[in-house]
Amino acid sequence: MFNKEFKEIQKTHITVGFFYESGKELFKLKSLNGEVGFDRKITDKNIHRPGLALAGYVELFTYNRIQVFGNTEIKYLQSLSPEERIKSIKNILQFEIPCVVITNDNLLPDNLLDLFTEKQVAVFQTPLETTKLVYFISDFLDDQFAPQTVVHGDLVDVYGIGLLFVGRSGIGKSEIALDLVERGHRLVADDVVLITKKGENILIGTCNSVTKHFMEIRGLGIIDVKNMFGIRAIRYQKRVEVVVELLDWDPKEEYTRTGLDEEHISILGVEIPLIKLPIFPGKNITVIAEVIALNHLLKHYGYDSAKEFNKNLETILRQKASTIKTADIPIERITRYFEHDFE
């Protein structure tokens, strides 16, 4: 059986060194005091501009965040006398701040950098404007501290829709994913899917660093999808939009036939449509998977086949209700007369 209990994983911190190595190209960071303070921990995904703290008000100083010095902070420090500058910096260095990022290629006045080095606080410089840097760092930290979970299944991009196939071990998830890849769709992850919650209602799935785009096919072994089918056959991440649960066919079980009663599954607090798909030998699951993706696209654009069919049926029943019984409703052709059409 498929385990529907998803254990949430979330980082409690990252190190300053990890922040620098991961973001030095994206944020164009340059370390001004070497590897000082690289072992310090960043525990908050938000950032802070310490203007008030530099001015002396530290009652609400969120010192445990990355401190960003923009033009305002640098201009303020330059307006002070040398003694006042030292006092201002020492005022914030009494707290254990993770690191400082200076924007717009600004430089700290006088020998203030020595004060940060003495307190083992890393200082970075970037040519980026403050607004742009804040956006980049916020997005990076949101990703690092986002809730995650691991799901045993296969994630495939089918017509732009992320289908997550789940089910008992050995039911054929990898074989279905492989068949979809052969038909031109794209594999995201096989066997182990790492899902990250982005924002309030977005789940992004990816593979882990070990399995990457390798697949295990029972009876064959490990295959490399990227090298076998080319770069078009893979993608590194995809939004999880529909969960397809593969079930062993049970003739005693009642399966949905109209699609009017939609089911959902909660992953990290996000409700995702759930399709329970019974399988048996000879059933073309690959084509059905493509139809699931296309049907989801139709719903996204405002058309629901099941609801449309139900609406048409209700209209006919209302029209006939006053004259004849439901069982006596004649079945009519869509077009009553096909003129000279013998195909």
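**Close-up views of a predicted model**

**Figure 1. Buried residues of helix 7.** Lys173, Ser174, Ile176, Ala177, Leu178, Leu180 and Val181 are the buried residues in helix 7. The model shown here and in the other views is predicted. Seven of the 10 residues of helix 7 are buried, so this helix is largely enclosed by the rest of the structure. An α-helix has 3.6 residues a turn, so residues three or four places apart point the same way. Gly184 follows helix 7. The phi angle of Gly184 is positive, near 105°.

**Figure 2. The salt bridge between Arg168 and Asp248.** The closest N and O atoms of Arg168 and Asp248 are 2.6 Å apart. Arg168 sits in the loop between strand 9 (161-167) and helix 7 (173-182), while Asp248 belongs to strand 15 (residues 242-248). The pair therefore ties together parts that are 80 residues apart in sequence. Is Arg168 buried or partly exposed? Arg168 is partly exposed, because its relative accessible area is 32%, between the cut-offs of 20% and 50%. Asp248 also counts as partly exposed, at 41% relative accessibility.

**Figure 3. The salt bridge between Lys198 and Asp143.** Here the closest N and O atoms lie 3.2 Å apart. Which parts of the chain does this pair link? Lys198 is in strand 10 (residues 186-198), and Asp143 is in helix 6 (residues 130-144). These are distant parts of the chain, with the two residues 55 apart. Lys198 is partly exposed, with 26% relative accessibility. Asp143 is partly exposed too, with a relative accessible area of 31%.

**Figure 4. The salt bridge between Glu73 and Arg49.** The two side chains meet with an N to O distance of 2.8 Å. Glu73 is part of helix 3 (residues 71-79), and Arg49 is in the loop between strand 4 (47-48) and helix 2 (51-55). Parts that are 24 residues apart in sequence are thus tied together by this pair. Arg49 is partly exposed, at 37% relative accessibility. Side chains of opposite charge can pair when their charged atoms come close. In total, the count for the model comes to 11 salt bridges.

Figure 5. An unreviewed UniProt entry places the feature "domain: HPr(Ser) kinase/phosphorylase N-terminal" at residues 27-141. Over this range the chain is 39% helix and 16% strand. How far apart are the end C-alpha atoms? They are 13 Å apart.

How values were computed:
Residues are numbered from 1 along each chain as its sequence is written. This is a predicted model: local features need pLDDT of at least 70, side-chain atom pairs count only at pLDDT 80 or more; totals for chains, interfaces and linings use all residues. Side-chain values use heavy atoms; hydrogens and water are left out. UniProt positions are given in the numbering used here, feature names are shortened, and annotations may be inferred rather than shown by experiment. Helices (H or I, at least four residues) and strands (E, at least two) are DSSP runs, numbered from the N terminus. A salt bridge is a side-chain nitrogen of Lys or Arg within 4 Å of a carboxyl oxygen of Asp or Glu. Buried means under 20% relative accessible area, exposed over 50%, partly exposed in between (1.4 Å probe, protein chains only).
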